[in-house]
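Please examine the structure shown here together with its sequence.

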Amino acid sequence: MQSTLIALVEDKPGVLNRVASLFRRRAFNIESLAVGHTEKPGISRMTIVVDSSRTDVEMVVQNLLKLVNVIRVEDVTEVPTVMRDLALVKVRSGDGATRAEIMQLVDTFRARVVDVGLKTLMVEVTGTDDKISGLVDVLRPYGIEEMVRTGRVAMARGGVGTDRELTA
Amino acid sequence: MKKTGAEIVWEMLNREGVKVVFGIPGGAIMHTYHPRQDYDIHHVLMRHEQCAAHAADGYARVSGKVGVAIATSGPGATNLVTGIATAALDSSPIVCITGQVQTYLIGTDAFQEVDITGITLPITKHNYLVTDINELAYTIHEAFHIARSGRPGPVLIDLPKDIQIASTEFEPPEGDISLPGYRPVAPASAAAVQRAAEFINTAKRPVVLAGQGVLMSGAMQELRSFAEKAQVPVALTLLGKGGFPESHPLALGMMGMHGEAFVNQAIQEADLILAFGMRFDDRVTGTLATYSPNARRVHVDADAAELNKIVKVDVPILGDLRQVLTQLLPLVAPATHPEWLAQIDAWRGDSHFRNILNRPENGRLVAAHFINDIWEATKGEAIVVSDVGQHQMWTAQFYRNDLPNSVVTSGGLGTMGFGLPAAIGAQFAQPDREVWVIAGDGGFQMTMHDLGTIIQEKLPIKIALSDNGYLGMVRQWQEFFYDKRYESTRLVNPDFVKLVEAYGIPAWRATNRAEARTAIAEARATDGPTFIDFQIADVGEDGNVYPMVPSGAALHEMIRRSQPDHTTD
């Protein structure tokens, strides 16, 4: 079981360290943590995926809120949300026939080839965790040279922003 | 008006109402020390930075104000760490100011550079590295606010040397503090308070578990009114001592690992537990599987992260305890619980018979004797600062206390060496009250260098050494749970009387009850600091703390002092 939390934090030195240190210290089990800027200067946004079978999500929320630099925390697990993960996969392409085969698979997953090397292709895929894992599974037999995933980012559908109180 | 960073520090401390700070100068902080004499703030020169943090902590616990410790960079800062962690675990409001290497040297492993904000991140409520002189005044203002508000705790400000030297136009921060992510305590939910009242009004066997939150929110009177109106007996945590008078008929005494058996029994048999400002530490619950199995549970705390953390409760109430009790009181119906109180009294009688003070003396001095004698001599009105170990539990059991903010001890972290330096802070908080330190011979030797601070500051602290020649609590565990293999717990000690006399402090040695009483009387009649080496029984029943819940056992499964032969008197 996974829960997805969105945290708005002050964009100050060491804030990521404070959050990461909290997870380690309280022995919270985290699947992924993605950080980036928001539409508002000075505010960063974290998407945190918690293994809720091993960690009490409410404790994660309350402890995050205790950090002075954490402004807001929202559990979006139960609300309609767009969730995306991005992966770059470098896969062995071999001869022309294999390369064409891989490119067909990539099309099926609505992924993109973003770099073509002599012996490899780099594939960019965006989507839910399941979709990316699905593509990775079918690419694996060809030989994956290298892979990176960003971790999940999430945004609730419709309505107003998570940081509505900040922008008001 | 232009001021240097160093001047801004003192200017801001002054504005926060600071009268005394505890510290040690050094290379990276001496620039801040330089203008100190121009301000009406006393600096206490400690002998170790750990003690500076403990003294600030002791000051905070007794005064209810923020304590301040100052240290240099590197080793000065790392020496604070144990003191900061101690304050963090016991929610004590202290502000630590550390020197740091120049901002342009940070990250270069410069002389005496250490990442103290990184090191203290998990043991502070918040911390700062100041890199802009223009933010210094506001940072100090904010630090004090965070330290003292909500659930209090330690805050550290790391101050690079070039920031101390730089100057800027000083404008004192005015108005409210703007911290978008900081929410100290919101008013409690009226519905939750109403639900708690319904539970209270239908309970047959209610018990209050009162913790340090009673003292921190200043809810002593409210708790008393509540307990009296609803006739609910009150058990205390170690740090809750002082929150409810122990001489009150509804007072049960201390709960937990070394609490009285009848208190733990009451908790286990209760049908409603009201946890007021306590956090279900493993030292008060025993194993959770069998904890208060029949009780509905109400938990009031100022920290949302404490609700449902250890023990799942039926009514969690987030709020300031004093306000919650004020809301609760009119909703609670006057009640009596004669059967329940009679049952508890029956259990209490058994504890009374087993109490070592009610046994015939066998000629050996035990800790209960001298602690009881100090209690009698001081009419229970002294500020008592204990260290950590067996004597800490004996002090909690035998120095019965009615006064708030008068019992100081390291509860959560259990820091040996805390007692003596914390007493220094306590004495500064209450210069006119009698302060006693009760320390074991193990813990005392961890910070006894600060006897130097006591004589330098001419502090009239009365030190009682509970001297059994062992790391006694560890020895007791070895006796009970480790096949009586006394591994590395026997201490070969110096002549403590001579040692203390070398500081010019009058000292006595007591090996029996009569000597103990005489020494206490003579020490109290002596101006200034005194020291008594109470040489107490080291092993066997006289040397152990009873009762005891073994680690991992249920709260009511206690190891108890044997029944006396004549329980009929």
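In chain B, 6 strands form an open sheet with parallel pairing, in the order S3-S2-S4-S5-S7-S6. Strands here are DSSP runs of E with at least two residues, helices are runs of H or I with at least four residues, and both are numbered from the N terminus. Two strands count as paired if DSSP finds at least two bridges between them. Strand S3 (42-45) and strand S6 (126-129) of chain B stand at the edges; each has a single partner strand, so one side of each is left without a neighbour in the sheet. On average, neighbouring strands of this sheet are turned by 20° against each other, direction ignored; the axes behind this angle are lines fitted to C-alpha atoms.

Within the sheet, S5(B) and strand S7 (residues 155-160) of chain B run parallel and are joined by 6 bridges. In S7(B), Ile157(B) is the bridge partner of Ile97(B).

The model is predicted: local features need pLDDT of at least 70 and side-chain atom pairs count only at pLDDT 80 or more, while totals for chains, interfaces and linings use all residues. Residues are numbered from 1 along each chain as its sequence is written, and chains are lettered from A and ligands numbered from 1 in the order in which they are written.

Two residues of chain B have a positive phi although neither is a glycine.

Another backbone feature is the cis peptide bond joining Tyr546(B) and Pro547(B), with omega about -10°. Pro547(B) lies in the segment after strand S20 (530-535) of chain B.

How is chain A divided into domains? The assignment gives domain 1 (2-78) and domain 2 (82-153), with bounds from an automatic or database domain assignment. Their C-alpha centres lie 29 Å apart. The contact takes 6 residues from domain 1 of chain A and 5 residues from domain 2 of chain A, where contact requires C-beta atoms, placed from the backbone, within 7 Å. On the domain 1 side, strand S2 (30-37) and strand S3 (43-51) of chain A each give two or more residues, and S2(A) gives the most, with 3 residues.

How values were computed:
Two residues are in contact if their C-beta atoms, placed from the backbone, lie within 7 Å. Axes are lines fitted to C-alpha atoms, for helices over the stretch in contact, and angles run from 0 to 180 degrees between N-to-C directions.
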